Amino acid sequence: MLNNRLLYGGDYNPEQWLDRPDILEEDIRMLRKAGCNTVTLGIFSWAALEPQEGDFRFQWLENIVDRLYKNGIYTIMGTPSGARPKWLADKYPEVLRVDETGHRQMFGFRHNHCYTSPVYREKTALINKKLAKSFGNHPGVILWHISNELGGECRCPLCQDAFRRWLKERYRTIDELNRRWCTTFWSHTYQSFEQIEAPFTIGETQLHALNLDWKRFVTHQTRDFLRHEIDALREGGAKQPTTTNLMHYFQGLDYFKLAKDIDIVSWDTYPTWHKEEVLHTAYDNGMCHDLMRSLKKKPYLQMESCPTSTNWQSVSKLKKPGMLFAQMMQAIAHGAEGAMYFQVRQSRGASEKFHGAVIDHYGGSDTRVFKEVKETGEVLGKIGELLGSKVKSSVAILYDWESQWAMEDSQGPRNKGLHYMEVLLKFYRGFRRMGANVDLVDEEASLDGYRLLACPMVYMFKEGFAEKVRSFTENGGTVIFTYWSGIVDDTDRCYLGGVPYGLQDVLGLRSTEIDGLYDDEENSFIPVKENALGMQKTYGCRYLCDLVQLHGASAMMTYGADFYAGYPAVTVNSFGKGEAWYVAADADSDFYDDFLEKLVIRTKTAPILQGSIPDGIEMTTRETEKGCYYIYQNFGTTALQIPMPEGELRTVYGNPSEKLPVYGMVIVFQEK
């Protein structure tokens, strides 16, 4: 987007300061001093852009975009649909959402608007077209930011009708819907699509297929509104690419689908650094960076992060010295082409007046935070050669929103914590501590190019997924499945004939029963003598223990206690040219560390280094046609020596010969 410059800056709200031209001038001076080259404008500006219906006032925004551009600062232009003005809600109450209790909400907060409403669509299209006509060819505007943190649901009559139409298109006949939804249970059979209602807390909540399809519809309707906004920009003449800011592992929308409608993925990251082990937080944040990169298999943007403490977390912890730098550089390491803040200048009042900012209420450039922002900007200016390089992965972890929705809505075998995300992170940590790059993929993704595929708790097997895994393994891939996989189809109907459905011969086993453990219960994995991986330790396991019957697979480890002591707990089966592994229970992190270390070495899916990567170091690689960048960051508690690849290296940043300080970074480049 900017030649030879990584994007750096943040969300800027000059409409809050139109009565202070001196502050607006000072903002530009301080942005330049901090090395910022990009700001996001207009996200929540609708009331300033159209204070009354049909009264459009863009001159203030045009003046600011012009002044920024003259000072070398580019604009990501937002569409203002994230928060509607009061006049719109008062005159057209249909734009306000109906909640899960059936009540129309009042004006307030953000995203309290119905994506189905014809009036809301008309008004957003109108202002988007006018914005596009004003800024669609402006050389200072490089990207369109659609709305803000899309999310939420509306159950108004308009949305209910749209839901029924969506269901009719999906199932064609009411008989087919009844069959797929298993509505004969509790006498819930429908005679027509018109009888169907969305899930309500005062109505139906126990028909799992209804709940699942409602979530799919919410994604569908949000995507439709997103496309509506983009179409209006294109009709107005805007040619710049589009993005919308996503949020962590947000459970309200399927981001794999939403990402199809935008040109560039961006996301907002607010880790709770220092709440627990910093390295654990780094893995969690890194996994979400990799998820965002994987959505389109392209470079992405960190659109928001806090320069210091937030105002909305239960405890608003300051970032300790160096953490701001480490967080911004982690985004770049994982494939981002820009790292931005929320917010540029701290607002004086309302909800986010105490949310951290580049420029605080004091307003000076001698603050600790501003100095770190400036230092980070200087480093980003030095490593611009990373632009155009890509993170390439031969390891993938299966993460599917719809499967997670269904699994967490289902009742049994544990209704007080499946610990799904923790299991994902155990896999992720096991791969990353070996230096393996990781993609996160859903069931619809192509598996071409991967050599190792981890599938933790894939409760739902969609049509064709088992065949895809079968082909992957048969052709030489290594696959790892866990307990509670292949249980239901895509309408949450249990499979008949044994599970994991469609893969019993690939895995060489059948799951017969699954035991839910109380939180204070624990079992163990005991290694089988002379097992193929040379596993020697005993490991704890908890929460869910799968009892499997072997049909060709070999046991690597067995359970150590309860009536299923001696039952297989970790197995392997050869299938075609590949291998299929099965982990039958939620084991401790040290098991995954040891187990995955051996599999990464076995499958040759991590870079070869002169020595092992010490705990605390995160290493990521970005590649070009000419060579490979090795990026090291220290999220540990002490300075650590880092292992280098063999061969001639060029230092891009830092000192690779010395111990890497806490929160420090080293980048080296090796030609092919």
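Trainee: How many salt bridges does a search of the whole structure find?
Mentor: The search finds 47. Keep in mind that this is a predicted model.

Trainee: Which residue does R29 form a salt bridge with?
Mentor: Its partner is E26, and the closest N and O atoms are 2.7 Å apart.

Trainee: Where do those two sit?
Mentor: Both are in helix 1 (residues 21-33), three residues apart, so about one helical turn separates them. R29 counts as partly exposed, because its relative accessibility is 40%. E26 is partly exposed too, at 25%.

Trainee: And D490, which side chain does it meet?
Mentor: That of R180, in a salt bridge of 2.5 Å, N to O. This pair links distant parts of the chain, 310 residues apart. D490 lies in the loop between strand 13 (478-482) and helix 16 (504-507), while R180 is in helix 7 (residues 174-181).

Trainee: Is R180 buried or exposed?
Mentor: Buried, at 16% relative accessibility. The cut-off for buried is under 20%.

Trainee: Which residues are linked in a network of salt bridges?
Mentor: Among them are R170, D213, R216, D254 and K257.

Trainee: New topic. How many residues has the largest nonpolar core?
Mentor: It has 199. F481 is one of those with the most contacts inside it. The largest share, ten residues, comes from helix 8 (residues 208-235).

Trainee: What is F481 in contact with?
Mentor: Leaving aside neighbours within four places in sequence, its contacts include F461, F465, L503 and W581.

Trainee: What does the second, separate core include?
Mentor: That core has 13 residues, including L609, L640, M644 and V666.

Notes. Residues numbered from 1 in each chain as written. Predicted model: local features only at pLDDT ≥ 70, side-chain atom pairs only at ≥ 80, totals over all residues. Heavy atoms only, no water. Core = buried A, V, L, I, M, F, W, Y, C linked by side-chain atoms within 4.5 Å. Buried < 20%, exposed > 50% of the residue type's maximum accessible area, 1.4 Å probe, protein only. Helix = DSSP H or I, 4+ residues; strand = E, 2+ residues; numbered from the N terminus. Contact = heavy atoms within 4.5 Å. Salt bridge = Lys/Arg side-chain N within 4 Å of Asp/Glu carboxyl O.
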